[in-house]
Amino acid sequence: PTPGRDAAGDWAAITELTGELSSRAARLIGQALTGRTETGVARLLGEDSTAVRQNLAPLEALTRRSAWKLTPGSADPRSLAVDLNNHSRARGVDLRQVLDLVALGRPIAATDQASRDRVRLAPVHVQMMLIDERLVVVEGPVLRPYAGASGWLLDEPGITDAACALWHETWTRSAPLPEEALVMTDRQRA
C-alpha cells in the first residue's frame, strides 16, 4: 500500500471492473469454443504461452499507439516478448505495465528511469493487454493438459470498453515503483 492511498477502495474499484471484463471475455471465449459466436471476434492466439508469444509478432506490427499490460502476480515486465517490446519502443509505441503489488518480492527489469516510469504497482487480478485501446489479449481456459492457460485476442465493443475502463482505473490508482524496488539491468537479466 502507498501512504496516503485508500488501499481498500483501490482494491474494490479494480476488482469490480476486473469482474466485468472477465465475465464478458469468458462469455465470448465460451461462444468461440462452442462455435456459436454471436457478436465480436474471439481468436485463439495459442494454447500455451509459447504459442501466444509467437503470435504476438503480427500484433506488434499492427500496433500503432499503445500496448498496455496488466500482470497479476510477480513478473518481469519485459519477459513476454523482449524483442517485440524493443521494436515497439523504437517505433514510438507507448508501452506501459501495471504489476500486482506482490511483484516487489522479485527483481523487476527496468534498466533506466524511463523504464521504471512505465512500470507501476496496483492490485491486479487478470492478465490482460490492451492494444491501441481497441484490441484485448486475455488468458483463456486450459485447452491441453499441462499446457497452461490459452491466450485470446478479443475484438468486441463491450469487452474493449470494459478493458479500457479497467486499464484507466488501474493506472489512475497505481503507484510508481518505490526507489528500493530491486531492478535488474539488461546484462543482469541475460
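Tutor: Start at Asp48. It counts as buried, with a relative accessibility of 18%. Buried means under 20% relative accessible area, exposed means over 50%, and partly exposed lies in between (1.4 Å probe, protein chains only).

First, the ground rules. The model is predicted, so local features need pLDDT of at least 70 and side-chain atom pairs count only at pLDDT 80 or more, while totals for chains, interfaces and linings use all residues. Residues are numbered from 1 along each chain as its sequence is written, and side-chain values use heavy atoms, with hydrogens and water left out.

What does Asp48 pair with in a salt bridge? Its partner is Arg144, at 2.7 Å from N to O. Asp48 sits in the loop between β1 and α2, Arg144 in the loop between β7 and β8, and 96 residues separate these distant parts of the chain. A salt bridge here is a side-chain nitrogen of Lys or Arg within 4 Å of a carboxyl oxygen of Asp or Glu. Helices (H or I, at least four residues) and strands (E, at least two) are DSSP runs, numbered from the N terminus.

Glu47 is partly exposed at 29% relative accessible area. Arg144 is partly exposed as well, at 36%. Asp48 is the buried residue discussed above. The search of the whole structure finds 7 salt bridges.

Tyr146 has a positive phi, near 65°, in a residue other than glycine. Most residues other than glycine have a negative phi. Tyr146 is exposed, with 87% relative accessible area.

Asp132 has phi near 55°. Its loop runs between β6 (128–131) and β7 (135–142). Is Asp132 buried or exposed? It is buried, at 3% relative accessible area. Leaving aside neighbours within four places in sequence, Cys164 is in contact (heavy atoms within 4.5 Å) with Leu130 and Glu133. Cys164 belongs to helix α5 (residues 157–172), and it is buried at 13% relative accessibility. From Cys164 to Ile131 the C-alpha distance is 9.9 Å, across 33 residues of sequence.

Now go back to the loop of Asp48 and step into α2. Helix α2 (residues 49–62) has 14 residues. From first C-alpha to last it reaches 20 Å, close to the 20 Å expected at 1.5 Å a residue; the expected span is 1.5 Å times one less than the number of residues. α2 bends by about 30° at Leu56, the bend being the angle between axes fitted to the seven residues ending there and the seven starting there. A proline, Pro58, follows within four residues.

Which residues of α2 are buried? They are Val52, Leu56, Leu59 and Glu60. An α-helix has 3.6 residues a turn, so residues three or four places apart point the same way. Glu60 has 8% relative accessibility. Arg91 is partly exposed at 35%.

Next, the surface. Leu33, Leu44 and Leu143 form a nonpolar patch with about 220 Å² of accessible area together. Leu33 lies in helix α1 (residues 7–33) and is partly exposed at 44%.

Last, the wider setting. The protein has 6 helices and 10 strands. Buried residues make up 44% of its 190 residues. Among contacts between residues at least 6 apart in sequence, 74% join residues at least 24 apart. Patches use residues with over 30% relative accessible area and no salt bridge, joining like charges within 9 Å and nonpolar side chains (Val, Leu, Ile, Met, Phe, Trp, Tyr) within 5 Å. Accessible areas come from the Shrake-Rupley method with a 1.4 Å probe; for residues, only the protein chains shown count as cover.
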